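Here's a walk through one protein model, taken piece by piece. Keep the structure open while you read.

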Amino acid sequence: MLWEKCKEIESDIVEMRRELHQIPELGFHLPKTRAYVIRKLEEIGVPYILSEKDSSIVATMKCARPGKTLAFRADMDALPIQEETGLSFASLHNSCMHACGHDAHTAMLLAALQVLYPHKEELSGEIRFLFQTAEELAKGAAILIEEGALKGVDAIFGMHIGSILDKSIPSGTMACTPGAVMASYDRFILEVKGNGCHASTPEKGVDPINIAAHIILALQTINAREIAGTDAAVLTMGLIRGGELYNAIPSTVHIEGTTRAFKEEVRQKLAKRIGEVAKCTAEAFGGTVDYTMDWGAPPLINDKEMTEFAKDAIQDIFKEKIVLYRDSPSMIGEDFSLYLQKIPGAFLFLSSANPEKGTDKPHHHAKFDVDEDVLWKGSASFVAIAEKFLGR
């Protein structure tokens, strides 16, 4: 089986992950990361296309005979976090870190391509390897879709490493979940406007801090009293900024937050009610509010048939029934969901949570790390799915 070759190049996968870990970049434009991936693709000899809108890359492996078209995706962007791991290969970029495992995702997919490409004459069809930007912004997948990366594709698979589902899942375990896997995730912005004045004479102004406090409390009642208990939903405010002096009332307060849901109707209701509640609350205290919903990604729903297909394909890699189904979806979001709205596929989860190695830290943590001993299993899973889907 070709997937067994991934174990043979385990040190190469680790090396790629470490090299990528040192050059994290944010958002859409990842010049160093793109150059690194291009160099690896050219070493392999696979043709590729560069996006004109961002740093994404699509490499295409055409096999010997006609057949189905399969796609794999790896995200490449990082986070604006100052790394505190103390690793010898820690980030070389100030206040920027691969704190979500995207360095590992890119390395694992490059390794899978490295294994598969020399054997393209033994397979049928075509494989597209999507190296995507801006997953953390929920914007990168849309660009690849717009540029036609999914045209003619029959199925797509992706993978996330780390402790994202549950840090109690042993490192080296693959979770395959049919149906709802991850929630929608969107960002809302509220600019609360009042009328600044001296703190000693609040009656001469309109206090946006007071208004913001009431808005924050009022928004919590949306989940408590307007969303059915059987519908999972989250509404969280993670940023509030207002004022510069202890004895002065400012004119504005800035609030940002996020919503999560598994049903589109719940997602839309949250967005609608945030605007209505914030507006009415602000007006009740003599102020106003500007409301913006920055739409991110819809819920991630795995195709049941493709999830079962992936589980069967990778079972031999994960001995002793280590491949498992997990019924409890995560409220974390992923723009891989946009691909699954277009074509069948599945998003898998490879645990690297090992407390003895300190790799059980949560994602987006300054000390986040992955258990590198499991990286080859991620690459092997891509290869095994390709072998089974394209038929040797």
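## A threonine on a helix

T281 sits in helix α7; helices here are DSSP runs of H or I with at least four residues, strands are runs of E with at least two, and both are numbered from the N terminus. This is a predicted model, where local features need pLDDT of at least 70 and side-chain atom pairs count only at pLDDT 80 or more, while totals for chains, interfaces and linings use all residues. Residues are numbered from 1 along each chain as its sequence is written, and side-chain values use heavy atoms, with hydrogens and water left out.

Is T281 buried or exposed? With a relative accessible area of 13%, T281 counts as buried (buried means under 20% relative accessible area, exposed over 50%, partly exposed in between, using a 1.4 Å probe and protein chains only). Skipping neighbours within four places in sequence, T281 is in contact with I211, H214, I215 and A218, where contact means heavy atoms within 4.5 Å.

β10 and β12 (residues 252–261) run antiparallel and are joined by eight bridges. Among the partners, V234 bridges to R260 in β12.

## The eight-stranded sheet

Another open sheet has eight strands with mixed pairing, in the order β1-β2-β4-β3-β5-β16-β6-β15. β1 (48–50) and β15 (323–324) stand at the edges with a single partner strand each, so one side of each has no neighbour in the sheet.

β3 (residues 65–75) and β5 (residues 155–162) pair in the parallel sense over four bridges, and L70 has A155 in β5 as its bridge partner. Helix α10 (residues 375–390) lies across β3, β4 (124–132), β5, β6 (174–175) and β16 (345–351), running at about 155 degrees to β3.

## Cores and aromatics

Which residues have the most contacts inside the largest nonpolar core? In this core of 74 residues they are F72, F129, F131, F157, I314 and I385. A nonpolar core is a set of buried Ala, Val, Leu, Ile, Met, Phe, Trp, Tyr and Cys residues joined through side-chain atoms within 4.5 Å. Leaving out residues up to four places away in sequence, F157 touches L70, A71, F72, R73, M306, F309, A310, F336, A346, F382 and I385. There's also a second, separate core of 24 residues, including I211, L219, V253 and I274.

The structure holds seven aromatic pairs: rings of Phe, Tyr and Trp (its six-membered ring) pair if their centres lie within 6.5 Å, with planes under 30 degrees apart counted as stacked, over 60 as edge-to-face and the rest as tilted. F72 and F129 make a tilted pair, 6.0 Å centre to centre with 50 degrees between the planes. That pair links distant parts of the chain, with F72 in β3 and F129 in β4, 57 residues apart. Both F72 and F129 are buried. The ring centres of F347 and F349 are 5.4 Å apart with planes at 90 degrees, so that pair is edge-to-face. F347 is buried at 0% relative accessible area, and F349 is buried at 3%. F336, Y339, F347 and F349 form one aromatic cluster.

F28 lies in the loop between α2 and α3 and is partly exposed, at 26% relative accessible area. Leaving aside residues up to four places away in sequence, F28 touches D54, S55, T133, A134, L137, K139 and I143.

The buried residues of α3 are T33, R34, Y36, V37, I38, K40 and L41. Their cover includes α2 (10–21), β1, β2 (57–62), α4 (102–116) and β4. After α3 comes G45, with a positive phi near 100 degrees.

How values were computed. Two strands pair if DSSP finds at least two bridges between them. Axes are lines fitted to C-alpha atoms, for helices over the stretch in contact, and angles run from 0 to 180 degrees between N-to-C directions.
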